[in-house]
Amino acid sequence: MTTSAIQNVHSLVEGDGNERILREAPHNLEVEAALLGAILRNNRTFEQVGDLLSSEHFYAPEHQRIFKAIKQVTEKGQVANATTLAHILDSDPLVKEVGGSTYLYELVANVISVINAKDYAETIRDLYLKRELITLGEMVVNEAYDLEDIDDVAEKQIERAEHRLYTLATTGEVDRGVTTLKTAVEVALEAAEQAYQRDSHLVGVTTGFRDVDQMLGGLHRSDLLILAGRPSMGKTALATNMAFNAAKAYKRIEDEAGNVREEGGKVLFFSLEMSAEQLAGRILSERSEVSSDKIRRGEIENDEFERLAIAAHEMSQVPLFIDDTPALSITGLRQRARRVKRQHGLHFIVVDYLQLLQGPPEKRSDNRVQEVSDITRGLKTLAKELDVPVLALSQLSRQVEQREDKRPQLSDLRESGSIEQDADVVTFIYRPEYYLQREHPTERQNEAPDKFQERVERHNQRLADSRNIAEVIIAKQRHGPIGIIELFFDGNYTRFADLDRHHDDGGF
């Protein structure tokens, strides 16, 4: 919104009869003048408020010009006072109208104290945000009344309004500033202490898979994780298992001293491909060990129905939230995630899947690679803003199918753009059994029968060795090692689990 738009904002309200009352936009010229005078008297005051304010936050145009001039001069390392600014602002028509350099001296002369400078700055910013809210409200009303563009449906208008509101909210946020190494070390030590106190010894949110947790150290706050694979590899199944495992492990523990620590996490699952009912059906099948096909067709025995009822009760206690809004934009996703965190608390976000997201409304273009880059950057920003891990599923390009070795590589990420760059962790899911079932040795010309039979036996042995085996390939990790983890996969129940050959205490 432009400065002129801000200054001319007014709100009309109904009176007792049919008359309408014109209200002036919220502002406080006295506070603005007091803050500018305090800065001109002592430039160290600017260090306290420079990160809070910009020139557009001021209501009076002359105050905007003065603050902008102060900022330009101080950023050059020079002193900004009434004398040094006089020659700059005397030629400015707006400042000239209120007295020019004389007005600058009046601002300094009227200062009582510089102690309240930060309070003045917060008041100025708050009034600015209120003026912007009024403008935003009027824009929403005017767009809703505009019926000429039939393609501009209400959902699009709501999305734009949410984006503008989010932009306004982030504009009003205070910069975090610098952190001393001492403070950062104390935070890191506290995280290590909490991990030590947990039975799992994890710093982050658990995935429910011991080998994955061991290699990743859990899912770390503010991390963007990518889980990619070709169709039918089990991306959604693995992400669903991770989400449920994390939510099921959630508990809040308070010690005798009143200190609270949390394990597991409250999870928000954005399902852009499947409905909430389909996703819940998958989890129900996995937890009850009744195939989803039988559940869908209603061919259930009495004992299976009992297992379904028990599983459904267990699932109802788990803090897992599902949003199955189709064609969701990164802006809409961010708004929904912030709302869930505010209302319920949030520790982990899953997005299924990245390529079904739309870019920000104001940045959409025909360049899909750039749009995906905006989306991944938005997901990374969301992870940092909400301080939670974000797991985004991604498709792989078809070039995987053209190679003899079908194991995915980082270069296989579809519309990769900045996916690899923005992600803290990139993992692939690969099931060799899927490909071996479709590869049948054929007899070669002039090949001896025993050689052909030998190749068939080797193929069958590889197929048997890969039965129910899935590989989770950690291809990139900023904080730790890369490598391959084997999991058990049961396609009947779309379930992953630890392999018993790696662990003696459970698994399959």
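The structure is a predicted model.

**Exercise 1.** Determine how α2 and α4 are oriented relative to each other, and describe their contact.

*Solution.* The axes of helix α2 (residues 29-41) and helix α4 (residues 61-75) come within 11 Å and cross at roughly 25°. Angles under 35 degrees count as roughly parallel; α2 and α4 are therefore roughly parallel to each other. Their crossing is left-handed. On the α2 side, the contact involves Leu29, Glu32, Ala33, Leu36, Ile39 and Leu40, which meet His63, Ile66, Phe67 and Ile70 of α4. Sorted by class, this contact comprises eight nonpolar, one polar and one charged residues.

**Exercise 2.** Carry out the corresponding analysis for α12 and α13.

*Solution.* Helix α12 (residues 235-248) and helix α13 (residues 276-288) have axes that come within 11 Å and cross at roughly 75°. Since 65 to 115 degrees counts as roughly perpendicular, α12 is roughly perpendicular to α13. From α12, the contact draws on Thr236, Ala237, Thr240, Asn241, Phe244 and Lys248; from α13, on Leu279, Arg282, Ile283, Glu286 and Arg287. These residues divide into four nonpolar, three polar and four charged.

**Exercise 3.** Check the span of helix α8 (residues 117-145) against expectation, and list its buried residues.

*Solution.* At 1.5 Å a residue, the 29 residues of α8 should span 42 Å. The end C-alpha atoms are 43 Å apart, which agrees. Buried residues, those under 20% relative accessible area, are Ala117, Ala121, Ile124, Arg125, Leu127, Tyr128, Leu129, Arg131, Glu132, Thr135, Leu136 and Glu143.

Methods: Residues numbered from 1 in each chain as written. Predicted model: local features only at pLDDT ≥ 70, side-chain atom pairs only at ≥ 80, totals over all residues. Heavy atoms only, no water. Helix = DSSP H or I, 4+ residues; strand = E, 2+ residues; numbered from the N terminus. Expected span 1.5 Å × (residues − 1). Buried < 20%, exposed > 50% of the residue type's maximum accessible area, 1.4 Å probe, protein only. Axes fitted to C-alpha atoms, helices over the stretch in contact; angles between N-to-C directions. Parallel < 35°, antiparallel > 145°, perpendicular 65-115°, else oblique. Left-handed = near helix turned anticlockwise from the far one by under 90°. Contact = heavy atoms within 4.5 Å. Nonpolar A, V, L, I, M, F, W, Y, C, P; charged D, E, K, R; others polar.
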